[in-house]
Amino acid sequence: MAPKGKGKVVVISGPSGAGKTSVCRALKRSPEVVFSVSATTRRQREGERDGVDYHFLSDEEFLARESRGEFLEWAVYNGNRYGTLRSEMDAAIEDGKTFIVEIEVQGTRSLREAGFEGDYIFVVPPSMAELRRRLVARGANSPEEIDARLAIAEAELKAKDLYDHVVVNADLSQAIDEASSLIGL
Ligand code: 5GP
């Protein structure tokens with residue numbers, strides 16, 4: 001399955017805290033790039049903007065959209081639903097842009113299983129200890145949430161084979177350079 005249009009899709013994933021959001025934030029500066037704004041049912045964090053960081057939906061709204069076939073992929077992560085909206089991708093690809101989706105591993109697996117064409121990039125931390133340190137430093141999650149995210153991360157790291165490229169984020173600016181050149185920006 002290939003997206004229709006002149007653009008292409010880049011799938012970026014990696015464990016929470018690996019730095020993929022920071023990598024993506026830097027890639028966003030390119031005018032050739034359009035970023036997917038996912039829908040989610042998780043609570044809005046301080047500083048997040050609805051429609052910019054995510055489309056924050058109730059469970060009912062999310063399921064209604066899912067039943068209308070509006071999602072390219074979706075998954076449950078840590079008890080909340082997250083999904084990529086087809087409409088956003090179609091517009092970007094039609095426009096000849098590079099459409100970047102930042103998703104977790106189950107979503108990547110469904111795209112792979114559907115034979116969805118794209119560049120698949122996995123951003124990983126240099127170690128689990130460093131991942132814990134970053135999650136704590138970020139201050140966005142409770143200790144229980146951090147433990148849950150680390151357990152998910154252990155499982156996610158085993159899914160490396162789903163990806164075309166693995167970027168080890170030991171140094172953020174190097175990781176950004178590596179991801180940019182992989183995508184051809
Ligand atoms: P967070 O709650 O930290 O914003 O995101 C949790 C996880 O959900 C991250 O790994 C993030 O990449 C992933 N995620 C965000 N949007 C989507 C999406 O549309 N689909 C899937 N499958 N995962 C997503």
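**View 1. The largest pocket holds about 1100 Å³ of space.** Everything here comes from a predicted model, where local features need pLDDT of at least 70, side-chain atom pairs count only at pLDDT 80 or more, and totals for chains, interfaces and linings use all residues. Residues are numbered from 1 along each chain as its sequence is written, and side-chain values use heavy atoms, with hydrogens and water left out. A pocket here is an open set of points on a 1 Å grid over the protein atoms alone, where a 1.4 Å probe fits, with protein on both sides within 12 Å along at least five of seven lines; lining residues have an atom within 4 Å of a point.

View 2. Helix 1 (20–27) is among the elements supplying at least two lining residues, and helix 1 gives the most, with five.

**View 3. The ligand takes up the space of the largest pocket (more than half of its atoms lie within 2 Å of the grid points).**

View 4. A ligand oxygen is 3.1 Å from a polar backbone atom of Gly83, and one is 3.2 Å from a polar backbone atom of Thr84.

Key:
Polar contact = N/O pair within 3.5 Å; in protein donor to acceptor, adjacent residues only side chain to side chain. Points joined across faces, edges and corners; volume = space filled by probe spheres on them. Helix = DSSP H or I, 4+ residues; strand = E, 2+ residues; numbered from the N terminus.
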